[in-house]
Each structure stands twice: as C-alpha cells, then as structure tokens.
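Subject: Handover of a structure and the findings on it

Dear colleague,

Please find below the structure that I am handing over to you. The findings follow directly after it.

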Amino acid sequence: MSDIIVIGGGIAGLSAAARLSAHAKVTVLEQETHTGYHASGRSAALYEENYGLPSTVALNTASKAYHFEANGGYLSQRGFLIVGQNHEKDAFDTDAATLGADPIPLDRAREMVPILNPETLAYAGYHHEAFDIDTDRLMQDFVRTLRANGGEVVTRSGVTAITKSGDRWQITASGTQYEAATVVNAAGAWADGIAVMAGLDPLGITPHRRSMARIPAPAGHDVNTWPMFFGVGETWYAKPDAGALLVSPADEDVVEPHDAWADDMVLATGIARYEEMVTEPVTRVSTSWAGLRSFAPDRALVLGPDPAEPSFVWSAGQGGYGMQTAPAASQLVCDLVMNNTPEIGAEFVAQLTPDRLRK
C-alpha cells in the first residue's frame with residue numbers, strides 16, 4: 001500500500017516522486033515501457049534562466065543551484081545566438097531584451113556559427129548563460145532517490161480507473177489495483193483525462209506538437225562547440241547534439257494526446273526557415289520525431305492540490321519547461337502536499353497553483 005501514487009513517469013512525475021519519497025511511501029505508475037518516454041525523452045534539453053513567463057523564470061532561478069551542484073551538476077556550457085534579418089529589427093530587439101542577449105558584431109556571430117549566411121544575417125545577439133541539461137542522468141538520479149527511500153516505479157501500467165472511498169484513492173492500472181491517500185497527476189498531455197477519470201473537472205491542459213529533425217553536421221563542421229541558434233520570434237531553432245544538428249520549426253500545433261510524430265510539411269517549413277539563414281542547404285534528414293508540450297490556458301505550470309479535492313495534486317502543464325524547472329517545481333509540489341512553507345515567493349505560488357484556474 002502506498003501513501004502517494006504518482007501517475008506519469010516523465011520528469012514532472014519522477015522529480016515530484018523523489019521529493020515526496022522523503023516523507024511517504026511513493027509509487028510511480030507509467031503507462032509506457034520505460035520512464036521519460038514522451039515529452040521528457042524528446043526535450044531540447046536547454047537551461048535558460050530567462051526563458052518563460054515570470055512564474056517560470058522564478059522556477060528556473062530556484063532550480064539553478066540544483067542543476068549546477070546536485071550530484072556533480074547536470075549542466076554544460078552551450079550559450080545561444082539569436083539571428084535576424086533586415087526586416088526583423090523591432091522583433092529582434094524585443095527578443096534580445098527579453099532573453100538577456102547582447103548584440104554582437106555579425107563577424108563574431110559567424111565565428112560562432114560559420115554557416116550563417118552573410119547575405120541574410122542582419123542582427124545577432126548572444127547570451128552566454130545557457131546550458132545543456134543531462135536529462136537522462138537527471139531523471140535517473142530522481143529515480144535513484146525514490147528507490148533509495150523505499151519507493152518504486154511500475155512501468156507498463158496505464159491507469160484505467162480512479163475512484164475514491166473515504167479518504168483513500170483506488171487506482172486500477174493494467175489490471176492491478178493500487179491504493180493511496182494522495183494522487184499526483186503528472187500525466188503530461190493526458191493530465192486532464194486523468195482528472196476526469198478521478199471525477200474532477202479538467203483544467204484545460206492542452207498538448208501542442210513540437211517537431212524535430214536531426215541533420216548531419218553541415219559541410220563536415222565540428223558543431224559541438226556551436227551555441228544553440230534560432231530565428232526571431234522562435235520560428236525555428238538549431239541545436240548541436242552528439243555531432244549533429246537538431247533543427248525544429250518550433251511548432252505548437254494543438255493535437256490530441258498521443259504518441260507524437262513529426263508532420264513532414266511542418267518540418268519542411270521549419271527547415272526552409274533555417275536554410276534562409278545559412279549557407280549550407282539540408283540535403284538529408286537522419287531522423288525526425290515530435291513531442292507534446294502541454295500548456296494550461298495561461299501557459300503557466302500547474303503545481304499543487306486541486307482546490308475541489310486537495311488529495312488530488314497536479315504536476316502538469318510544463319509546456320516545454322519541465323526539465324529546467326524540475327528541481328524547484330517538484331520542491332513546490334512537495335511543500336504544498338506536506339503543508340510546508342514554499343521556498344519560492346507567495347506571488348509566484350499564486351500564479352502556479354490550480355486555484356487560479358478554478359475561479
């Protein structure tokens with residue numbers, strides 16, 4: 001018998017489970033064959049403190065020390081480069097200011113990324129403080145913490161029924177019955193469906209598809225030291241990854257929850273935007289895939305007990321920020337479940353808890 005059942009074995013569920021396991025017996029139920037299968041396993045894996053809404057930035061900042069220091073640290077230097085064309089000056093200035101990127105000479109930008117096209121490159125801004133996240137080790141270390149505290153992860157356990165009798169939840173997953181005092185809904189794109197299954201109103205958590213292509217290193221360049229680089233308005237981005245480049249149209253098409261795959265036409269549009277800014281055309285896509293970024297209506301994360309049923313706890317709506325916010329987001333969930341004073345400020349707690357969406 002578990003004190004807490006966490007539904008979902010992505011970064012949201014694993015990090016919350018690890019935090020809570022210091023205080024209770026925790027079981028994670030994951031419908032797929034392994035953890036981190038959906039959005040968490042398809043992340044761009046970048047830590048950028050200034051990226052997101054104010055409440056997201058607060059979580060980023062509160063997560064910074066953990067990312068740098070816990071278990072030897074999870075971050076490695078990457079940096080990012082914003083690039084714009086002549087007609088994009090106002091939008092470039094806005095993006096650069098928002099993300100804390102300093103304008104740099106175009107020659108310097110082409111030193112960083114030699115394939116940038118001098119005929120289309122009109123503006124460039126660089127921010128040093130952006131880092132790759134070792135996402136696999138981050139998730140596995142949360143699992144290790146959970147197991148060290150007596151918790152467990154059960155894969156191939158898709159939840160099919162949730163009921164409550166008295167002060168106990170009964171959960172059916174792949175034919176097995178589980179019972180707990182508290183349920184944590186960390187089901188990502190399926191979060192609203194889990195709430196409805198439990199007899200609660202959905203919050204409007206909506207999945208959006210994000211497509212990605214892996215292309216060989218352009219013209220044989222060593223891309224490992226290149227920064228992540230992207231267009232104004234985040235209409236595309238490219239990021240070095242294991243000697244290749246990941247190129248995305250940064251799409252956010254609303255879809256139903258499913259095991260996502262890339263839309264070829266959307267991917268082609270993103271690659272064309274990328275090609276406008278570089279000298280080397282894309283002649284081959286090694287592989288492609290997609291993930292689901294799930295957002296609440298106000299696009300802030302949803303963390304904490306449901307006001308209609310406090311024993312049903314949300315850890316959802318990460319919207320692509322799940323990896324970089326995980327240390328602080330999971331701590332907030334734990335603090336709220338354990339009735340401890342949250343470590344982040346009350347103004348941000350109000351912007352993150354489900355109460356705001358129930359008014």
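Which backbone oxygen lies 2.9 Å from a polar atom of the side chain of His127? The backbone oxygen is that of Gly100. A polar contact is here a pair of N or O atoms within 3.5 Å; within protein, one must be able to donate a hydrogen and the other to accept it, and residues adjacent in sequence count only if both atoms are side-chain atoms.

Before the remaining findings, a note on the basis of the values. This is a predicted model, in which local features need pLDDT of at least 70 and side-chain atom pairs count only at pLDDT 80 or more, while totals for chains, interfaces and linings use all residues. Residues are numbered from 1 along each chain as its sequence is written, and side-chain values use heavy atoms, with hydrogens and water left out.

The chain as a whole

The protein chain contains nine helices and 21 strands. Helices (H or I, at least four residues) and strands (E, at least two) are DSSP runs, numbered from the N terminus. With a radius of gyration of 21 Å, close to the 21 Å that the globule rule gives for 359 residues, the protein chain is as compact as a globular protein of that length. That radius is taken over C-alpha atoms, and the globule rule is 2.2 Å times the number of residues to the power 0.38. Along the principal axes, the C-alpha atoms fill a box of roughly 70 × 40 × 40 Å.

Of the 359 residues, 56% count as buried; buried means under 20% relative accessible area, exposed over 50%, and partly exposed in between (1.4 Å probe, protein chains only). The accessible surface of the protein chain is about 14600 Å², and 49% of this belongs to carbon and sulfur atoms. These areas come from the Shrake-Rupley method with a 1.4 Å probe; for residues, only the protein chains shown count as cover. Among contacts between residues at least 6 apart in sequence, 72% join residues at least 24 apart, where contact means heavy atoms within 4.5 Å.

His127 and strand 7

His127 belongs to strand 7 (residues 123–127) and is buried, at a relative accessible area of 13%. Leaving aside residues up to four places away in sequence, His127 touches Glu48, Asn50, Gly79, Phe80, Leu99, Gly100 and Ala101.

Five of the five residues of strand 7 are buried, so this strand is largely enclosed by the rest of the structure. On one face lie Tyr123, Gly125 and His127, and on the other Ala124 and Tyr126. Strand 7 is joined to strand 5 (residues 80–84) by five bridges, and the two run antiparallel; Ile82 has Gly125 as its bridge partner. Strand 6 (residues 102–103) also pairs with strand 7 in the antiparallel sense, over two bridges, with Asp102 partnered by Tyr126. Two strands pair if DSSP finds at least two bridges between them.

The sheet around strand 8

Three strands form an open, antiparallel sheet in the order 3-8-4. Its edge strands are strand 3 (46–48) and strand 4 (75–77), each of which pairs on one side only. Three bridges join strand 4 to strand 8 (residues 130–133), and in this pairing Leu75 stands opposite Ile133 and Ser76 opposite Asp132. Three bridges likewise join strand 3 to strand 8, with Glu48 opposite Ala130. Both faces of strand 8 are covered: Ala130 and Asp132 on one side, and Phe131 and Ile133 on the other, are all buried.

Helices 1 and 8

In helix 1 (residues 11–20), 10 of its 10 residues are buried, among them Arg19 and Ser15. Gly322 is found in helix 8 (residues 322–337) and is buried, at 10% relative accessible area. From C-alpha to C-alpha, Gly322 and Val278 are 30 Å apart in space, and they are 44 residues apart in sequence.

Two residues with positive phi

Most residues other than glycine have a negative phi. Glu234, however, has a phi near 50°; this residue is in the loop between strand 15 (228–231) and strand 16 (237–241) and is partly exposed, at 27% relative accessibility. Ala250 has a positive phi of about 55°. Ala250 is placed in the loop between strand 17 (244–248) and strand 18 (253–254) and counts as buried, at 11% relative accessibility.

Yours sincerely
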